[in-house]
Amino acid sequence: RGAFPRKIMASFIPVAVGDYLKKFGDLLNKKYKAIKSNDLVVKATDGEGMNIESTIVSAYPKADKTPQGTVKVTYKDKPTASKLEFYTDSQIKITGKAETSYFKGWKFTGSGAMIPPYLVDPKKNVSNVALKAEYSQDKFAGKGSVTYKKAFANASPPVKAMEAIDVAGDVSFGNNGVSIGGSVAGTYAEKKFNVTKWGAGANVKKGDMVFGLFSNKFEDLTTGVHYKLSKKTAVGVQAAMKKALPKKPAEKKAFSSKSLLDIGAGVDYKFNKDTLLQGKVDVGLAMVTPVDTSAKATLEKTVSVGGVMEYAIPDFNSKLQLTTICKATGADLGLKLTYGDK
């Protein structure tokens with residue numbers, strides 16, 4: 001008697017919560033970040049794990065015309081599946097990171113940063129030490145982190161002393177191309193613990209199409225789709241909806257709330273092996289509710305158009321990227337030239 005062959009199901013690692021919106025989000029935003037400055041990047045490697053990347057940045061379009069510089073040194077060790085990274089810049093911001101994936105299913109990361117007082121921004125940049133652990137197996141992916149943050153008191157510029165511990169975690173479950181999960185984060189400071197954010201979302205991959213959505217506290221919603229039309233062409237659409245309340249005194253006099261809808265649509269086209277073209281349109285809509293309840297709500301609209309041309313120059317071991325974003329107020333242009341080993 002013949003036996004029916006057993007069907008072996010392939011394992012599926014769910015998409016991490018932080019990547020639910022990545023596919024179409026990158027198409028609409030990643031390369032456009034070069035618009036912030038004009039960059040000259042030089043890369044070098046010893047071919048055995050050591051990589052050095054130095055960058056000269058013009059602070060365009062800021063008023064400060066003094067070029068800024070950064071240096072990043074990375075070392076990868078294949079036998080231990082580990083990586084070390086060191087970064088510093090001309091403003092003496094220093095960061096370091098060590099990570100390893102040596103243990104099956106696990107990834108551990110330790111990092112630290114020293115931020116000078118004149119660069120301290122309590123929401124973004126403070127000196128810190130962080131530990132993060134990630135674990136993934138069939139149908140599950142999870143991540144947890146603990147970050148100790150400290151800002152030292154400083155007279156000029158004035159910086160208030162601050163000490164806090166941030167904790168964060170997320171879990172994602174899935175099967176057959178569908179991932180569902182959520183995240184939560186909180187801060188312990190001044191002997192109190194507060195949940196700062198939490199959210200939930202999903203990601204679905206079917207063939208050449210990826211769909212994702214995520215909501216923070218169910219107060220806003222971002223959703224989108226990415227579709228690979230062919231080997232050369234991909235398109236992406238993203239929509240973000242949220243409600244904004246006035247914070248500053250002038251805003252409180254101007255409106256009671258704003259309902260915001262931002263829509264972005266983009267295309268990625270691989271013209272040939274050396275040339276990549278991207279284009280996008282961003283539309284922002286804001287329904288403004290006035291403080292005076294007898295007055296009618298008004299609709300505000302903004303439109304911008306962007307484009308990227310990325311051209312590889314193999315003979316000179318270089319890559320040139322030109323980026324532009326055009327708005328009603330004018331146009332910005334960013335130029336990035338990368339030279340050296342990949």
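Two residues are in contact here when heavy atoms of each lie within 4.5 Å. The model on display is predicted.

**First stop: Phe 12**

Select Phe 12, which is placed in the segment before helix 1 (22-29). Its relative accessible area is 18%; the residue therefore counts as buried, a term that applies under 20%.

Next, display the residues that Phe 12 touches, leaving aside those up to four places away in sequence. Gln 137, Asp 138 and Lys 139 are among them. The contacts also include Gly 174, Asn 175, Asn 176, Gly 177, Val 178 and Ser 179.

Phe 12 and Thr 275 are separated by 263 residues in sequence, and their C-alpha atoms lie 34 Å apart.

**Second stop: strands 12 and 13**

Select residues 209-216, which form strand 12, together with residues 220-228, which form strand 13. These strands run antiparallel and are joined by six bridges. Within this pairing, Gly 212 has Gly 224 of strand 13 as its bridge partner.

Now move to the turn of this hairpin, where three residues lie between the strands. Lys 217 adopts a positive phi near 55° in this hairpin.

Which residue of strand 14 stands opposite Lys 228? The residue is Ala 234.

Terms used. Residues numbered from 1 in each chain as written. Predicted model: local features only at pLDDT ≥ 70, side-chain atom pairs only at ≥ 80, totals over all residues. Heavy atoms only, no water. Helix = DSSP H or I, 4+ residues; strand = E, 2+ residues; numbered from the N terminus. Buried < 20%, exposed > 50% of the residue type's maximum accessible area, 1.4 Å probe, protein only. Pairing = 2+ DSSP bridges.
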